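Okay, hi everyone, thanks for coming.

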Amino acid sequence: MAMSLLALILGISFFVILIFLISKKQEKIMKATWANITDLRPIKNAGFNTVLDHFNFIYWNDERRGRTLKSANDNGMGYIVVLDPLLRNGKINEAKNIVSKWRNNPAIIGWVLLDEPQLHRTPVSVQKTYYN
């Protein structure tokens, strides 16, 4: 599943495609389609310049992460990783390991620490832990 949004930040236009979690069953069915986002050319050719990966990256192995980020970089795209499920479930060390390993990758332009904290009723005290 995907959605798109357009953001203008500091005069730079970001046309973002949001990639949602694809289950193993869905991935098998959609293997030859854009849902296998290790090849971002079709997404770039559709006019997008940024991927907001809504939970896939954190569950992939390092080889798949590397291929996807290489494709993003090769296609001049930015990549935003959502860490929310790990942090919300207390897997702070796992999130830190991912950030430590991939933070210098030129394709990564951002990290989402908490996604929609009000919707998920995340207490302000918890939000401050991640935002401070």
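Let me start with a term: a salt bridge here is a side-chain nitrogen of Lys or Arg within 4 Å of a carboxyl oxygen of Asp or Glu. Going by that rule, we count five salt bridges. The general idea is that side chains of opposite charge can pair when their charged atoms come close.

Before we look at one of those, a word of caution: what you see is a predicted model. So how confident is the predictor? The mean pLDDT of the protein chain is 75, and 68% of the residues get to 70 or more. Confidence is highest in H5, at 94, and lowest in strand S1, residues 2–9, where the mean is 50. There's also a stretch, residues 29–35, with pLDDT below 50. In the model, that stretch has eight contacts beyond its near neighbours in sequence.

Okay, on to one of the salt bridges. Asp 62 pairs up with Lys 101, and their closest N and O atoms are 3.3 Å apart. Where do these two sit in the chain? Asp 62 is in helix H3 and Lys 101 is in helix H5, 39 residues apart, so the pair links distant parts of the chain.

Now let's look at those two helices. H3 covers residues 62–74, H5 covers residues 92–102, and their axes come within 12 Å of each other. They cross at roughly 45°, and H3 and H5 are therefore oblique to each other. The crossing is right-handed. Which residues make the contact? From H3 we have Asp 62, Arg 65, Gly 66 and Leu 69, and from H5 we have Ile 98, Lys 101 and Trp 102. Sorted by type, that's three nonpolar, one polar and three charged.

Last stop: Val 112, which you'll find in strand S5, residues 108–112. Leaving out residues up to four places away in sequence, Val 112 touches Leu 52, Ile 80, Val 81, Val 82, Leu 83 and Asp 84. Take Val 82: it's 30 residues from Val 112 along the chain, and their C-alpha atoms are separated by 4.5 Å.

Note on methods. Residues numbered from 1 in each chain as written. Predicted model: local features only at pLDDT ≥ 70, side-chain atom pairs only at ≥ 80, totals over all residues. Heavy atoms only, no water. Axes fitted to C-alpha atoms, helices over the stretch in contact; angles between N-to-C directions. Helix = DSSP H or I, 4+ residues; strand = E, 2+ residues; numbered from the N terminus. Parallel < 35°, antiparallel > 145°, perpendicular 65-115°, else oblique. Left-handed = near helix turned anticlockwise from the far one by under 90°. Contact = heavy atoms within 4.5 Å. Nonpolar A, V, L, I, M, F, W, Y, C, P; charged D, E, K, R; others polar. pLDDT = per-residue confidence, 0-100.
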